[in-house]
Amino acid sequence: MSIVLGPNQYGKAEVRLLRVDRDTARHRITDLCVTSQLRGDFRATHVSGDNTGVIATDTQKNTVQAFARDGVGSPETFLLRLARHFLREPQVTGGRWRAEQYGWQRIGARGAGHDHAFVRGAAERRTALVHADDAGLTVLAGVQDVTVLKSTGSEFSGFPRDRYTTLAETDDRILATDVTAWWRYAPSFAEAAGPREFDERHAAVRALLLTTFADLHSLALQQTVFAMGRAVLEAFDDIAEIRLSCPNNHHFLVDLEPFGLDNPGEVFFAADRPYGLIEAAVQRQDGQAGGEHPVWATIGGFV
Ligand SMILES: O=c1[nH]c(=O)c2[nH]c(=O)[nH]c2[nH]1
């Protein structure tokens, strides 16, 4: 029996980076966490410790920081620049570059906001990923942990009952989730877009996810998840596919009867676990001819 090296990749994970654009007194900040991973001919270092072709993870981290000196642009264009840089080395035949961007708002944002003081609120992050393989570059964009809640306009009934079923049917419940989504840009968009197009598109997709969540009278979180994905694909021809992962953050009506009180949908216990977990890929029927796109295998913990 011989033992051989299987698929492998390496790089620097979670390079934290804050870029300040200070060309005017009104500063802009970009707060990123960037991961760079290279794939290619790295057999020698694994089997014999020959590091001739190994671009040190420290070098990858330094490259991320040095490139930020020129400005970040959008997370997508920043990652594309990193990808193209490392792919110039002959031993690098592919890789994966990923960014999470944390949102900061200007303090006092009710007016114009402060010029150089910011507050970071929500857990929400903007995400981006560039994947390179023999077929070329693929760009994903996404959102992570966009926490939303609607206090009515959600039902859940009609499910089968067996000896283990205790859940009551309801025609009015709280629906709450943390939306995590990744969408894949068609190559035509990914190649032509600059930072502004990526930023605008990201904002538009996020807004559409939110308004769909708000506007759909939901009969199941599954229905809401699919509707959010479908709305995005219907609105944007150059988004090939979207995947969503949404916990059902349960809110249970508290029984106030022991205190002689009714509870007409007003007092809830917000449970944090366990939670339902609803995940779906929303696809174009004609777009799956070649089977599953390989980029999805690189996204952990997702459908
Ligand atoms: O929207 C829901 N989908 C389910 O599959 C489910 N299961 C459950 O217990 N509550 C809910 N809610």
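Visitor: In which strand does glutamate 14 lie?

Guide: This is a predicted model, in which local features need pLDDT of at least 70, side-chain atom pairs count only at pLDDT 80 or more, and totals for chains, interfaces and linings use all residues. Residues are numbered from 1 along each chain as its sequence is written, and side-chain values use heavy atoms, with hydrogens and water left out. Helices (H or I, at least four residues) and strands (E, at least two) are DSSP runs, numbered from the N terminus. Residues 10–21, which include glutamate 14, form strand S1.

Visitor: What is the phi of glutamate 14?

Guide: Most residues other than glycine have a negative phi. Glutamate 14 is not a glycine, yet its phi is positive, at about 60 degrees.

Visitor: How far is the ligand nitrogen atom from the side chain of asparagine 248?

Guide: A polar contact is a pair of N or O atoms within 3.5 Å; within protein, one must be able to donate a hydrogen and the other to accept it, and residues adjacent in sequence count only if both atoms are side-chain atoms. A backbone N or O atom of leucine 221 lies 2.7 Å from a ligand oxygen atom, and a polar side-chain atom of glutamine 222 lies 2.8 Å from a ligand nitrogen atom. For an N or O atom in the side chain of asparagine 248, the distance to a ligand nitrogen atom is 3.2 Å.

Visitor: Where do the residues annotated "binding site" lie, at one spot or apart, and how far apart are the farthest two C-alpha atoms?

Guide: The UniProt annotation (unreviewed entry) covers Thr57, Asp58, Phe156, Arg173, Gln222 and Asn248. UniProt positions are given in the numbering used here, feature names are shortened, and annotations may be inferred rather than shown by experiment. These residues span 192 residues in sequence and do not all gather at one spot, because the farthest two C-alpha atoms are apart by 51.3 Å.

Visitor: Is the peptide bond from arginine 273 to proline 274 cis or trans?

Guide: Proline 274 is placed in the loop between strand S11 (268–270) and strand S12 (276–283). Most peptide bonds are trans. With omega near -5 degrees, the bond from arginine 273 to proline 274 is cis.
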